[in-house]
Number of protein chains: 2
Amino acid sequence: MSIFEDKGVNTTSIESLGEFGLIDHLTNGIITKNSSTVKGIGDDAAVIDMGDKYQLVSTDLLVEGVHFDLSYMPLKHLGYKAVAINVSDICAMNGDAKQITLGLALSNRYTVEALEELYDGIKLACEHYGVDLVGGDTTSSTSGLMISVTVLGEVDKNKITYRSGAKVNDLIVCTGDLGAAYLGLQILNREKEMFKENPTIQPDLTGNDYVLRRQLKPEAAIKYTRILKELDIVPTSMIDISDGLSSEALHLSKSSEVGITLHEDKIPVDYTAMNLANEFNMNPIFCALSGGEDYELLFTIGQEHYEKLKKDPDFTIVGFVTDKSEGNNFIANDGSSHPLTAQGWDAMKNS
Amino acid sequence: MSIFEDKGVNTTSIESLGEFGLIDHLTNGIITKNSSTVKGIGDDAAVIDMGDKYQLVSTDLLVEGVHFDLSYMPLKHLGYKAVAINVSDICAMNGDAKQITLGLALSNRYTVEALEELYDGIKLACEHYGVDLVGGDTTSSTSGLMISVTVLGEVDKNKITYRSGAKVNDLIVCTGDLGAAYLGLQILNREKEMFKENPTIQPDLTGNDYVLRRQLKPEAAIKYTRILKELDIVPTSMIDISDGLSSEALHLSKSSEVGITLHEDKIPVDYTAMNLANEFNMNPIFCALSGGEDYELLFTIGQEHYEKLKKDPDFTIVGFVTDKSEGNNFIANDGSSHPLTAQGWDAMKNS
């Protein structure tokens, strides 16, 4: 209802554009004007010139019912995760997170004790990542909880890593392992369904600590950016893996105007995740490619760094960069090549 | 419902602490550790050391059903307001806003065209205030619209103005006029009620342009911080008037550890607001003290600056700073003195 005349004849649904299409559409043509603005929309963080260094700025929202389900997400973990996923964006630019501001909108069903738990998680993450909570806004909402975190970080000017610097013949590397966070989510959803059927049964989560931790208390990849610094490696391009390996690889490909080829047999999946995927009748590589929320890093490096990384189990070379004309490809275990899509690869539909 | 054991025996309601009490409670004991963090929670913006200058950072949320009502708030105005009220926080530190990030959570009832309108307002405000939109996050919500803006600004190190610097005998000055935004809201609420009763009647908003503009399209006080710069005045303390004159005066008093005395006969109210208050059977001074959303500045200056400001209609001296022991007082038109409270002054209950 509006007291003003309704002009709403055009009603294009947001779904029809998709998240990235929508942002492109709305921010198309925005030109930055301040001399201190080095890079605006389009990477993991914006870049501001601080003089000696670059400052990195990123904002991420977590919305109840969309990004988290409080029936299995303890508030302390949620607070921790809200900070960690923002720090992850700073890692993706090869920087160090320094400060956050926190916006909270919450309905009156939240108690002071509930907020204390949320803050305990936020403070723990701030401590762990060496980040100062410097400000924010707390307000009521008509329903649910919404958390908005803005993170500020710093990076040496000669170490900043954008999505756009990948070069032909670079190696594509990912940190840690993939797919576990998505399988943690499957377990939580299964236990929730069982709890709904019989609320007297306590959830059985034993043996699944690793995948549950990956879902409930993800860590930003500060450990890996530190190793890269020690090894004197500056990636040519980098992004954090929040939406799944294939989607992030396509972002690097698009921003760098190159082609990317991924090899199925190289994709790192933890053995507990592998076993669980089988239990859920899922393809573990699908979980890695499309699951999301692993918050590992995906980056490209020149081949001269190969020797430094090849034996470090923290890093896995999952593919290589090609000319744009070759497109984005997925080489399956049987040697067959498939176009890489945001959902994985085309053969997945039949697998 | 939680699949985990419920430990929720303590259930202190958030209302029992109030917004400021809650923030104090949750952020109590937070110590900032990074050398670049100059000032954390507790002012209009956090302060980061950029080397030559200080950077200012502030986050504000706008939640549908709490801060705005789309039945009378056009989306373009809402976008403009979301930017303006954040720029206002930078003005309150005597700085210039430079960049914003934008977090949007919205339900699927919003169309692309609706978002375009919102963005038109955001872009217009960015243009007007010389601010770059550098990043953000767009996500779905289960209900309504939530806007989170983080603003970054800059200020010369010797010009930064905190809430905490007011000195005994300083003059208290406010910019522009007060109460109009609150009266604009009364008109919109009245028209909404009439529309509900008879939807065929178009709203009659004629003659109320000024107060409606103050409510629907508030401006940050960049005009006034520029004049202060030209006059070579650095306020000893400053805050923006978002919650009403009395509440903001009490913030300055608390942070500066001084007493504040306001004079009823000095408080600037526009004549259209004055007339409207009478129409609504409201005390216009109440609207100024407690109405909020005027986004003027309230600041203190040393008496040596009196001559520079006394004839400028942009600025009104509304009181003076006393020793803390004298408390916070409101001198009514009849000369009687009353304790100043966040709601106005004690005699208001009977007026």
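Student: Is Glu304(B) buried or exposed?
Tutor: The model is predicted, so local features need pLDDT of at least 70, side-chain atom pairs count only at pLDDT 80 or more, and totals for chains, interfaces and linings use all residues. Residues are numbered from 1 along each chain as its sequence is written, with chains lettered from A and ligands numbered from 1 in the order in which they are written. A residue is buried if 20 or more other C-beta atoms, placed from the backbone, lie within 10 Å of its own, exposed if 12 or fewer, and partly exposed in between. Because Glu304(B) has 8 C-beta neighbours inside 10 Å, it counts as exposed.

Student: How many Å apart in space are Glu304(B) and Gly292(B)?
Tutor: Glu304(B) lies in the loop between strand S10 (296-301) and helix H10 (306-309) of chain B; helices (H or I, at least four residues) and strands (E, at least two) are DSSP runs, numbered from the N terminus. In sequence, Glu304(B) and Gly292(B) are 12 residues apart, while from C-alpha to C-alpha the separation is 30 Å.

Student: Which strands of chain B are the edge strands of the open sheet?
Tutor: The six strands have the order S1-S2-S3-S6-S4-S5 in chain B, with mixed pairing; two strands pair if DSSP finds at least two bridges between them. An edge strand pairs on one side only, and in chain B this applies to S1 (37-39) and S5 (132-140).

Student: Which residue in S6(B) stands opposite Gln55(B)?
Tutor: Strand S3 (residues 53-63) and strand S6 (residues 145-156) of chain B pair in the antiparallel sense over 11 bridges. Within S6(B), the residue opposite Gln55(B) is Glu154(B).

Student: At what angle do H2(B) and H3(B) pack?
Tutor: Axes are lines fitted to C-alpha atoms, for helices over the stretch in contact, and angles run from 0 to 180 degrees between N-to-C directions. Helix H3 of chain B comprises residues 112-129, and its axis is 6 Å from that of H2(B), at an angle of about 35°.

Student: How many residues of H7(A) are buried?
Tutor: Helix H7 (residues 245-256) of chain A has 12 residues and reaches 16 Å from its first C-alpha to its last. The buried residues include Leu245(A), His251(A) and Ser256(A). H7(A) is mostly covered, and of its 12 residues the number buried is nine.

Terms used
Expected span 1.5 Å × (residues − 1).
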